[in-house]
Amino acid sequence: MATIRQTLDELMTCDGAMCAAVVDSESGMMLGSTGSGVDLEVAAAGNTEVVRAKMKTMRGLGLNDVIDDILITLGKQYHLIRPCSRKEGTFVYFVLDKSKSNLALARRKLQDVDKQLTF
């Protein structure tokens with residue numbers, strides 16, 4: 001089991017990691033954050049809307065499923081959003097430098113730390 005701080009520290013060991021946060025998707029507030037390169041308060045609030053919109057769309061489509069992760073690919077960055085499996089209403093937000101990271105390994109690391117995260 002890992003705390004929020006330990007989880008964020010583990011994510012930052014990934015090649016190309018820039019910053020990460022654990023976010024309450026009900027309020028859009030960060031429960032913890034680390035790193036730099038993105039205004040994480042703005043990102044947490046904005047990505048809360050992304051998660052809410054996707055959940056609303058899934059309900060509208062009658063999909064009985066869960067989100068594993070959401071990938072947003074920018075010109076220079078990857079932004080990963082992963083709803084926490086151990087606490088509904090929270091997600092991990094992870095930003096990577098596209099030129100220095102391995103997307104497959106980053107997604108795997110995010111999946112692994114999610115399994116260990118405790119609140």
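**View 1. Cys14 and Cys19, two cysteines on the inside.** Cys14 counts as buried, with a relative accessibility of 14% (buried means under 20% relative accessible area, exposed over 50%, partly exposed in between, using a 1.4 Å probe and protein chains only). Cys19 is buried too, at 0%. What is the count of disulfides here? It comes to 0, where a disulfide is a pair of cysteine sulfur atoms within 2.5 Å. For Cys14, the nearest cysteine sulfur belongs to Cys19 and is 13 Å away. Keep in mind that this is a predicted model, where local features need pLDDT of at least 70 and side-chain atom pairs count only at pLDDT 80 or more, while totals for chains, interfaces and linings use all residues. Residues are numbered from 1 along each chain as its sequence is written, and side-chain values use heavy atoms, with hydrogens and water left out.

**View 2. The largest nonpolar core.** A nonpolar core is a set of buried Ala, Val, Leu, Ile, Met, Phe, Trp, Tyr and Cys residues joined through side-chain atoms within 4.5 Å. The largest one has 16 residues, and Leu11, Leu80, Val92, Phe94, Leu96 and Leu110 touch the most other members. Which elements give two or more residues to this core? They are helix 1 (4-11), strand 1 (17-24), strand 4 (77-83), strand 5 (90-97) and helix 3 (103-116). Helices (H or I, at least four residues) and strands (E, at least two) are DSSP runs, numbered from the N terminus. There's also a second, separate core of 14 residues, which includes Cys19, Ala21, Ile70 and Phe91.

View 3. Leaving aside neighbours within four places in sequence, Leu96 is in contact with several residues, including Cys14, Met18, Tyr78, Leu80 and Ala106. Contact here means heavy atoms within 4.5 Å.

View 4. Beyond its neighbours within four places in sequence, Thr7 is in contact with Ala2, Val113 and Leu117.

View 5. Strand 1 and strand 2 (residues 30-35) run antiparallel and pair over 5 bridges; to pair, two strands need at least two bridges found by DSSP. Look across from Ala21 and you'll find Ser33 in strand 2. The two strands form a hairpin with 5 residues between them, and Gly28 in the turn has a positive phi of about 85 degrees.
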